[in-house]
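User: Hi! I'm new to reading protein models. Could you walk me through this one?

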There are 2 protein chains.
Amino acid sequence: MLDRIRIVLIGTSHPGNIGGTARAMHNMGLADLALVAPRCEPLTSDTISRASGADHIVHSARRVETLEQAVADCTLVVGASARSRTLPWPMITPRTLGSRLPDELSGVESRVALVFGREDSGLSNTELQRCHAHVHIPTNPDFSSLNLAAAVQVLAYECRLASLAQHEEEGGAEAEPQQPLASHEELEHYFAHLERTLITIGFHDPALPRQLMARLRRFTLKARPERMELNILRGILTTTEKQVARPQGEQRQDADDSNTPAP
Amino acid sequence: MLDRIRIVLIGTSHPGNIGGTARAMHNMGLADLALVAPRCEPLTSDTISRASGADHIVHSARRVETLEQAVADCTLVVGASARSRTLPWPMITPRTLGSRLPDELSGVESRVALVFGREDSGLSNTELQRCHAHVHIPTNPDFSSLNLAAAVQVLAYECRLASLAQHEEEGGAEAEPQQPLASHEELEHYFAHLERTLITIGFHDPALPRQLMARLRRFTLKARPERMELNILRGILTTTEKQVARPQGEQRQDADDSNTPAP
């Protein structure tokens, strides 16, 4: 799917933004870049620096003179825009764009273009009217002008999410191989052990429970403990019990002997 | 909601990235920036140029030496990370992060930190283990390293969408009044206390850590402890320490005296 999404930059002034766009695209798995009448030399040291290893996308970008040439083969053309101006136009959010991509790209020859305007003045009304829809990235109304590469980053990110969702939600938070969770029975053994230990150390008085065990249960269950974690906790309880129950006159020998009173 | 989300940059090397971060933040309505031990002068002409009118965010950023100082008052700390390494940690997607923000920020004292590491090496394992969860921006596996400001842009965008969604839903079902969650600082005090106690009882040998503290951190952070719960746990630790450190020949007097050897 991502190989049929084209990023189109119109009249870009700063090579760094072209490099930043290439990096954002490659990061998100996009590769098809078109530069329409750039107002700068697209490949400079700034480009290379901001592309940070993705400058092959600039090298292979098509350079054309008009928007029409850049999107001729596209079945959906979406222009990044602040707000529709003179003539209201279908306006979608980046998220809606993402959700529509699988359908839009289901045909063999389907191709989507995402069109970005000039750093200073965006897309002209004529260019906006060449688009099927406009996409507006929601911004702070007091500071709404996104950096060009940042705007590409956001839309490319939505494209990638749409692609991953189509591939059955893989990627993103890939399901970590999970350790086995403690069973109900193991948890109950732990809670019984915990209660015994708390009584042994004198922290808990079953005659005056004050919801202590209920609170510790809730805390522990919130964590969804793994079996291994519960084993550690039981180990701590066992060690605590041994330390507290040790016969008079016998001190544990492994730590903190400085606190032992002189004989 | 957006005013209680902090962006934390650790060890940033390029002033331009700090400027780009400020612009991305202001574009999305975020304002709280913390710079932890930056490896460059944060305010240069590059900063101003990339900030493009948002440099007030850099001017008002707090500058601190450690992650702890930057997130001490935060109730949820999320680290931007490629993949969990040695020890798997709760991993969420940017979208899941956004969907969780309204609940996470429902408490009066709640505060969320989004933590970003160094341009070259990201977050250290120690830093990652200070986080409740890690957020992974899904990227092209062959080119996964996002520009720092671009990563901030994507997460800030998700924050803004979450905030907009919440405004749309306002007037709906009221969220449960939540108990105050433990802050990062309170959690760190607890972990330090826990480690001392485990050493005292001879369960933990810092010379042979075997990831014990990391595992206990992960378990505890999964539970998202409330302040009151942490107070209970610290009470248990204090009681345990007193019991183990009590002078020879003195037994606790409040419970289970039948086990006391006859005088």
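Predicted model: local features only at pLDDT ≥ 70, side-chain atom pairs only at ≥ 80, totals over all residues.

User: How many salt bridges does the structure hold over all chains?
Analyst: There are 32 salt bridges over all chains. A salt bridge here is a side-chain nitrogen of Lys or Arg within 4 Å of a carboxyl oxygen of Asp or Glu. Residues are numbered from 1 along each chain as its sequence is written, chains are lettered from A and ligands numbered from 1 in the order in which they are written, and side-chain values use heavy atoms, with hydrogens and water left out.

User: Is Glu229(A) buried or exposed?
Analyst: Glu229(A) counts as buried, at 2% relative accessibility, while Lys222(B) is partly exposed at 22%. Buried means under 20% relative accessible area, exposed over 50%, and partly exposed in between (1.4 Å probe, protein chains only).

User: And what does Asp73(A) pair with?
Analyst: Asp73(A) forms a salt bridge with Arg111(A), the closest N and O atoms being 3.6 Å apart. Asp73(A) sits in the loop between helix 4 (67-71) and strand 4 (76-80) of chain A, and Arg111(A) in the loop between helix 5 (94-104) and strand 6 of chain A, so the pair ties together parts that are 38 residues apart in sequence. These two also belong to a network of salt bridges with Arg6(A), Asp32(A) and Arg62(A).

User: New topic: what is the strand order in the sheet of chain A?
Analyst: Seven strands form an open sheet in the order 3-2-1-6-4-7-5, with parallel pairing. Strand 3 (62-64) and strand 5 (91-92) of chain A stand at the edges with a single partner strand each, so one side of each has no neighbour in the sheet. Two strands pair if DSSP finds at least two bridges between them.

User: How many bridges join strand 1 to strand 2 of chain A?
Analyst: Five bridges join strand 1 (residues 5-10) to strand 2 (residues 32-36) of chain A. Ile7(A) in that region stands opposite Leu33(A) in strand 2.

User: Which residues touch the most other members of the largest nonpolar core?
Analyst: Leu114(A) and Leu114(B) do, in a core of 84 residues. Such a core is a set of buried Ala, Val, Leu, Ile, Met, Phe, Trp, Tyr and Cys residues joined through side-chain atoms within 4.5 Å. A second, separate core has 40 residues, including Ile201(A) and Leu187(B).

User: Last one: how many aromatic pairs are there?
Analyst: Four, over all chains. Rings of Phe, Tyr and Trp (its six-membered ring) pair if their centres lie within 6.5 Å; planes under 30 degrees apart count as stacked, over 60 as edge-to-face and the rest as tilted. The rings of Phe219(A) and Phe219(B) have centres 6.1 Å apart and planes at 85°, so that pair is edge-to-face. Both Phe219(A) and Phe219(B) are buried.

Key:
Helix = DSSP H or I, 4+ residues; strand = E, 2+ residues; numbered from the N terminus.
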